[in-house]
Amino acid sequence: MIDSHCHLEMFENQISDVLRRAYDAGVNTFITVSSDKESIEKTVKISEQYPMVYAGIGIHPHDAIDLNEEILKKIFELTRHPKVIAVGEIGLDYHYENSPKDVQQKAFIRQLELAREVGLPVIIHSRDAFEDTIKILKESGIKNGVMHCFSGNVNQAKKAIDHNFFISISGVVTFKNAKKIKEVAKFVPDEYLIIETDAPYLAPEPLRGKKNEPAFLIYVAKALAELRGVTEEDIERITTVNVKRLFHI
């Protein structure tokens, strides 16, 4: 299986152990994603150290206020690295508004322009901001990316898919009260389905409250298989094909 979104730099000196446990669980490929200016280079270095780790680089909407021309230049230069396969995670988050909405939007648009310029897919974070997110995506002309840790409803998932974006399902799908995401998980067509852990965040049931790891991707696959009436092997095959198709790995 492929963990399409995790944050390995947050495990610091435990990365080798975390990856070994993931391998033992059947997860053998990883996309580690930056979020702030400090994690951009760390993420790329981790991808250099481990053959089956790839990197996505960008500035999360929480830290949009930090985006400047120097950081954009760094991202641009690092997109030439052979292990960098996406720009992200980028997007909008109106739930916390750690950066003002207008600042988030400007940072999102600028990073989308960069992604279009270098020809890489995008990893999108969108929380309580779907309509603005999809509007900006449409205006950007980019039709190559994934809605990471999707938290919207079926209608919003359909809009994203109509724009040719993949839908990534996280451990939230295992939560007992996650009715909306369970409906989305059943709805998404096979060819647009991806799974992730978002480790160290959002540990699935029955490990909720603990530090999440890529090894726990098996719980996401199991929940999806049950919801969709297929085998876990089917989920593994479908999502692996989709990740490779999106990110060209």
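Analyst: Helix α5 spans residues 130-140, and its buried residues are Phe130, Thr133, Ile134, Ile136, Leu137 and Ser140. They cover an arc of only 165 degrees around the axis, so they sit on the same side of α5. The arc is taken from the directions that run from the helix axis to the C-beta atoms. Buried means under 20% relative accessible area, exposed over 50%, and partly exposed in between, with a 1.4 Å probe and protein chains only. Helices (H or I, at least four residues) and strands (E, at least two) are DSSP runs, numbered from the N terminus. This is a predicted model, in which local features need pLDDT of at least 70 and side-chain atom pairs count only at pLDDT 80 or more, while totals for chains, interfaces and linings use all residues. Residues are numbered from 1 along each chain as its sequence is written, and side-chain values use heavy atoms, with hydrogens and water left out.

An α-helix has 3.6 residues a turn, so residues three or four places apart point the same way. The face of α5 turned away from the buried side carries the exposed residues Lys138 and Glu139. The buried residues of α5 pack against strands β4 (84-93), β5 (122-127), β6 (145-147) and β7 (165-169), and against helices α4 (101-118) and α6 (154-162). Contact here means heavy atoms within 4.5 Å. Just after α5, Gly141 takes a positive phi of about 85 degrees.

The axes of α5 and α6 are 11 Å apart, and the two helices pack at an angle of about 10 degrees. Axes are lines fitted to C-alpha atoms, for helices over the stretch in contact, and angles run from 0 to 180 degrees between N-to-C directions. α5 and α6 are therefore roughly parallel to each other; angles under 35 degrees count as roughly parallel, over 145 as roughly antiparallel, 65 to 115 as roughly perpendicular and the rest as oblique. Phe130, Glu131 and Ile134 in α5 meet Gln156, Lys159 and Ala160 in α6.

Between β6 and α6 there is a loop, and Cys149 lies in it. Cys149 is not a glycine, yet its phi is positive, about 45 degrees. Most residues other than glycine have a negative phi, and most peptide bonds are trans. At 16% relative accessibility, Cys149 counts as buried. The structure holds zero disulfides, a disulfide being a pair of cysteine sulfur atoms within 2.5 Å. Cys149 is in none, and the nearest cysteine sulfur, that of Cys6, is 13 Å away. Cys6 is also buried, with a relative accessible area of 0%.

Strand β4, one of the elements packed against α5, contains Glu89. The peptide bond from Gly88 to Glu89 is cis, with omega near 15 degrees.
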